[in-house]
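User: I have a protein model open and want to work through some of its contacts. Can we go step by step?

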Amino acid sequence: MASSQRRRDQLKEFLRARREALTPGDVGLPDAGALTFEYSLFRLPDRADLNVVLHTPQPGTGTRERVESLVAVHPR
């Protein structure tokens with residue numbers, strides 16, 4: 001059980017650091033160049049320890065087109 005709690009704590013710390021790193025702005029990818037996103041943060045009412053973060057391409061930056069191009073080249 002302690003191992004499970006440790007993993008949850010590590011995940012929380014990772015997500016906290018990730019959220020701080022993924023503020024609106026540029027993200028650089030080798031295959032796509034600079035991508036600019038806006039984000040929305042949603043708190044889950046029944047789980048105060050969980051959030052959902054939605055990143056959307058910032059209009060007028062070409063990010064949407066570059067992401068679509070990446071998806072076309074690297075389909076799932």
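User: Is Glu68 buried, partly exposed or exposed?
Analyst: This is a predicted model. Glu68 has a relative accessibility of 43%. Exposed would need over 50%, and buried would need under 20%. Glu68 falls in between, so the class is partly exposed.

User: Which residue forms a salt bridge with Glu68?
Analyst: Look within helix H2, which covers residues 63–73. The closest N and O atoms of the pair are 3.1 Å apart. The partner is Arg64.

User: Is Arg64 buried or exposed?
Analyst: The relative accessible area of Arg64 is 54%. The cut-off for exposed is over 50%. Therefore Arg64 is exposed.

User: How far apart are the closest N and O atoms of Arg47 and Asp49?
Analyst: These two residues form a salt bridge. Arg47 is partly exposed at 42%, and Asp49 is partly exposed at 39%. Their closest N and O atoms are apart by 2.9 Å.

User: How do strands E2 and E3 pair, in the parallel or antiparallel sense?
Analyst: E2 spans residues 33–44 and E3 spans residues 47–57. A hairpin of two residues joins them. Arg43 stands opposite Asn51 in E3. Over eight bridges, the sense is antiparallel.

User: Which strand gives the most to the nonpolar patch?
Analyst: The patch is made by Phe42, Leu44, Leu50, Val52 and Leu54, with about 390 Å² of surface. E2 and E3 each supply at least two residues. Three residues come from the top contributor, strand E3.

Note on methods. Residues are numbered from 1 along each chain as its sequence is written. This is a predicted model: local features need pLDDT of at least 70, side-chain atom pairs count only at pLDDT 80 or more; totals for chains, interfaces and linings use all residues. Side-chain values use heavy atoms; hydrogens and water are left out. Two strands pair if DSSP finds at least two bridges between them. Helices (H or I, at least four residues) and strands (E, at least two) are DSSP runs, numbered from the N terminus. Patches are made of residues with over 30% relative accessible area and no salt bridge: like charges are joined within 9 Å, nonpolar side chains (Val, Leu, Ile, Met, Phe, Trp, Tyr) within 5 Å. Accessible areas come from the Shrake-Rupley method with a 1.4 Å probe; for residues, only the protein chains shown count as cover. A salt bridge is a side-chain nitrogen of Lys or Arg within 4 Å of a carboxyl oxygen of Asp or Glu. Buried means under 20% relative accessible area, exposed over 50%, partly exposed in between (1.4 Å probe, protein chains only).
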